[in-house]
Amino acid sequence: MKTFFGEVYINERELEEEGIKNPIKVEYYKTTNEEKGEKNYGIEIIKKEYRIHEDKIQMDKLTKEENEIEELINLLKRNEVTTIGAKDIIEDIYKNM
């Protein structure tokens with residue numbers, strides 16, 4: 001199951017500095033999987049670069065704690081993390097826990 005958790009639009013000035021001409025929206029979702037009566041939570045991040053293409057990354061079974069995954073998604077949203085760096089950032093966060 002996938003639950004919409006919010007979206008951010010990347011700052012236009014930052015995009016211009018990088019030479020990107022089209023708006024970018026990043027959507028964040030909480031994923032829930034249930035196996036053998038246990039719930040596992042993960043995230044899905046979708047980056048939409050308008051008029052060009054869409055990127056997506058999904059990482060399941062990151063935690064069994066719903067509040068932990070929600071805190072992670074909020075952190076990613078606040079820092080405008082896109083699909084490109086998401087995997088490395090999430091792995092670093094869980095490595096240091």
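Visitor: Does I73 count as buried or exposed, and why?
Guide: Please bear in mind that this is a predicted model. I73 counts as buried because its relative accessibility is 0%, and buried means under 20%.

Visitor: Where is the place of I73?
Guide: I73 lies in helix α2, which covers residues 66–78.

Visitor: Which residues does I73 touch, leaving out those up to four places away in sequence?
Guide: With those left out, I73 touches F5, Y28, Y29, K30 and I43.

Visitor: On to K77. Where is K77 found?
Guide: K77 is also a residue of helix α2.

Visitor: Which side chain of opposite charge is nearest to K77?
Guide: That side chain is E7, 9.3 Å away. K77 is buried and has no salt bridge.

Visitor: What does K77 touch, then, not counting residues up to four places away in sequence?
Guide: K77 touches F5, G6, V8 and Y28 on that count.

Visitor: A change of topic: what volume does the largest pocket have?
Guide: Its volume is about 170 Å³.

Visitor: Which residues line the largest pocket?
Guide: The lining consists of I10, E14, L15, E18, I20, I24, K47, N79, E80 and T82.

Visitor: How many of the lining residues are nonpolar, polar and charged?
Guide: By class, four are nonpolar, two are polar and four are charged.

Definitions and conventions: Residues numbered from 1 in each chain as written. Predicted model: local features only at pLDDT ≥ 70, side-chain atom pairs only at ≥ 80, totals over all residues. Heavy atoms only, no water. Helix = DSSP H or I, 4+ residues; strand = E, 2+ residues; numbered from the N terminus. Buried < 20%, exposed > 50% of the residue type's maximum accessible area, 1.4 Å probe, protein only. Contact = heavy atoms within 4.5 Å. 1 Å grid on protein atoms, 1.4 Å probe; cavity = no way out; pocket = protein on both sides within 12 Å on 5 of 7 lines; lining within 4 Å. Points joined across faces, edges and corners; volume = space filled by probe spheres on them. Nonpolar A, V, L, I, M, F, W, Y, C, P; charged D, E, K, R; others polar. Lys, Arg positive; Asp, Glu negative; His and termini not counted. Salt bridge = Lys/Arg side-chain N within 4 Å of Asp/Glu carboxyl O.
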